Amino acid sequence: MFSKEGKTNSNRKRINEETSISKNKKLKKKTAIGPNSENGLVTSNISAGTSDAIIKEASKKKKKTPFNDVANDVKRSTAFPIPTGLMSGKASGKASGTASEKASVKASGASGKASGKTVSYKNTTIKSYCPSSPLRPITKSMAERIRLRTKVLEYKEQLAEVRRETVEIKEYNRAIESRLPKLHDELIQIERDYEEQAAKYDEEFKKLNEQCDVINEDNNISSENIVNIRKDLELKKDKIIEQKLSYESLLKQIQENYARLKIEEDTRKDLHNQHLDLKGNIRVMCRVRPYTDKENGIERANLKCSDDKRTIQVSTKRLRLWQMQTEKSTYEFDHVFDESADQNEIYLELCSLVQSAIDGYNVCIFAYGQTGSGKTYTMEGEVNNPEKKGIIPRSIDEIFDKIKETSKLGWDFKVYVQYVEIYNETIQDLLTDEDKNRKKSCKDRKKSCKESKDLCKIVYHEDTRMTIIENAERRNISKKKDMEILICKASNRRSKSSTNSNSVSSRSHGVFILHLEGENPIENMSSRGSLNLIDLAGSENIDKSGSVGDQMTEAQSINKSLFYLRNVIQQIKNKSNHVNYRDSVLTSLLKYSLGGTAKVCMLVNVSPLAESINETKKSLSFGQDARKTHVGTAIKN
Ligand SMILES: Nc1ncnc2c1ncn2[C@@H]1O[C@H](COP(=O)(O)OP(=O)(O)OP(=O)(O)O)[C@@H](O)[C@H]1O
Ligand SMILES: [Mg+2]
């Protein structure tokens with residue numbers, strides 16, 4: 001091996017010589033020389049030995065080698081005198097680079113003078129320098145060697161590359177392998193989870209399928225049912241329309257019948273009243289008061305009113321022969337009002353009697369019944385409450401309205417009022433403002449009344465068969481309003497006290513008397529009627545009511561006077577030769593009503609409580625007896 005430097009210098013010398021010769025020749029031959037001819041000369045000086053080093057260098061630089069530049073120059077020039085060896089070197093550099101396949105270098109060997117050796121590169125044939133050149137020509141074997149060496153270097157490089165890659169791949173593989181067991185475990189877990197989940201979904205899916213089947217079945221049944229129901233509905237609809245039509249015609253008939261019935265009922269009542277007038281019997285009506293708020297939870301009596309409102313049935317339980325037996329008693333009246341009857345309903349049944357008073361009859365309506373059964377409520381009610389007004393204020397309303405009406409026919413009526421109470425067999429005037437006696441005890445009141453010159457006396461007017469209370473105020477009232485005020489005052493003056501049975505128990509019989517005196521100068525007629533509205537004190541079981549002292553005396557007096565009343569009615573009923581009207585103040589006052597020509601109506605008030613059942617039965621029994629009593633035909637004054 002020669003030294004690199006020495007070799008280069010000798011080559012440089014040779015190249016310089018060659019350059020000068022070729023310059024001349026080239027000038028002569030006008031050979032086209034490219035811009036890099038200098039390069040070409042430099043490279044042509046490279047000997048075969050230096051070409052290896054150049055190739056190695058080129059291999060090191062890999063991408064940018066002088067061969068590339070040469071090749072580029074070759075591209076640009078069609079005929080360039082590049083030494084074959086260099087061309088090969090360039091070609092091999094190319095081959096080790098990127099485009100080795102594209103370039104093929106052919107060394108055609110030494111040829112004629114002009115052509116010399118040719119090198120082809122990419123379809124370009126490059127003529128080699130002249131064989132006569134002092135440069136050593138590149139032999140075929142040299143070129144082959146260079147090519148092989150290049151190849152070997154190339155392969156080595158590739159091998160090194162492959163080795164590096166192999167190492168990298170191995171490292172990568174190792175890394176992957178180290179992760180493999182974990183990934184494997186994870187995969188197994190995922191598989192398990194998946195299977196579990198899949199099993200669950202399978203089960204749910206099965207269930208849903210089953211539910212779907214059931215729903216489908218139900219739906220089928222339901223849709224069948226719906227079709228049937230629709231058919232049914234259509235049929236029923238037709239029937240309903242038919243029934244509606246027949247219902248409407250029936251309703252019409254019922255309304256017509258009802259109207260007819262109403263007329264007939266009114267006629268029946270009129271006839272019945274006329275019959276009673278002619279017969280002269282006492283009309284007796286019964287009223288069952290409703291439960292009050294205070295009585296919630298207290299046992300009810302078994303009272304049943306008939307549909308025609310003529311009878312009331314009382315059922316009681318009794319122990320007989322060691323057995324509980326139900327006893328039923330039925331009582332008949334001219335009318336029975338059950339608990340639901342309001343004040344107006346009661347008045348409507350009695351208003352014909354009020355009319356009779358205007359027409360000139362003596363009318364007497366009295367409320368009878370045990371304490372707390374609703375007598376005062378029925379007779380007075382709540383005077384200032386239009387719905388709860390009792391018989392007295394309603395009668396006043398009607399009388400004043402009728403008087404107004406009849407005035408158009410020429411009638412002039414005068415209304416006189418007396419309001420008294422029978423307290424412990426004495427008559428107390430409720431219209432007087434002097435109430436000096438009222439505050440005294442009952443004994444003192446009785447005494448003072450007897451001693452007093454003002455003692456109220458009962459006086460009978462034989463001609464008019466009227467009863468007048470002497471020394472009791474007799475007021476002429478011309479206005480409804482004045483009358484209402486008067487009644488309120490009088491009612492407040494009445495003796496009342498609280499007992500076990502009634503918190504506001506009347507301790508006297510209240511007697512409200514209206515004298516109606518009418519004149520009709522046009523017709524030359526006159527009329528004298530009276531309306532006696534009596535709120536009796538209630539019969540009382542003294543043990544039960546817990547009355548003591550004055551209250552007991554009052555209760556005894558009340559019970560005694562009621563006994564005389566029953567007695568008188570009994571005597572009248574039995575047509576006794578002598579009737580003991582004088583036994584009590586009450587019977588004395590009712591003489592012309594019960595035994596004369598008056599129209600009399602008794603209201604029997606009963607309590608709805610089971611604890612009062614015995615008193616209720618007694619009252620009903622008395623009322624039924626009184627109804628059979630013939631008091632005489634009413635006569636108009
Ligand atoms: N029809 C009714 N509707 C509503 N409440 C009524 C009715 N009847 C009576 N009452 C009430 O029942 C209670 C007793 O009634 P009321 O004072 O009229 O009895 P009475 O028969 O007059 O008793 P007494 O003989 O002790 O005077 C009162 O609180 C009254 O308001
Ligand atoms: Mg009362």
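Biologist: What span does helix α16 reach from its first C-alpha to its last?
Modeller: Helix α16 (residues 613-627) reaches 21 Å over 15 residues, close to the 21 Å expected at 1.5 Å a residue.
Modeller: Caveats: it's a predicted model, so local features need pLDDT of at least 70 and side-chain atom pairs 80 or more, while totals for chains, interfaces and linings use all residues. Residues are numbered from 1 along each chain as written, chains are lettered from A and ligands numbered from 1 in written order, and side-chain values use heavy atoms, without hydrogens and water.

Biologist: How many residues of α16 are buried?
Modeller: Eleven of its 15, including Phe622 and Arg627. Buried means under 20% relative accessible area, exposed over 50%, partly exposed in between (1.4 Å probe, protein chains only).

Biologist: New topic: what coordinates the magnesium ion?
Modeller: Thr376 (OG1) and Ser506 (OG) coordinate ligand 2 at 1.9 to 2.2 Å. Thr376 sits in helix α8 and Ser506 in strand β15, 130 residues apart. Donors are N, O and S atoms within 2.8 Å of the metal (3.2 Å for Na, K and Ca); water isn't among the atoms, so sites may look incomplete.

Biologist: Is Ser506 buried or exposed?
Modeller: Ser506 is buried, at 9% relative accessible area, whereas Thr376 is partly exposed at 25%.

Biologist: And which element gives the most to the shell around ligand 1?
Modeller: α8, with three residues.

Note on methods. Helices (H or I, at least four residues) and strands (E, at least two) are DSSP runs, numbered from the N terminus. The expected span of a helix is 1.5 Å times one less than its number of residues.
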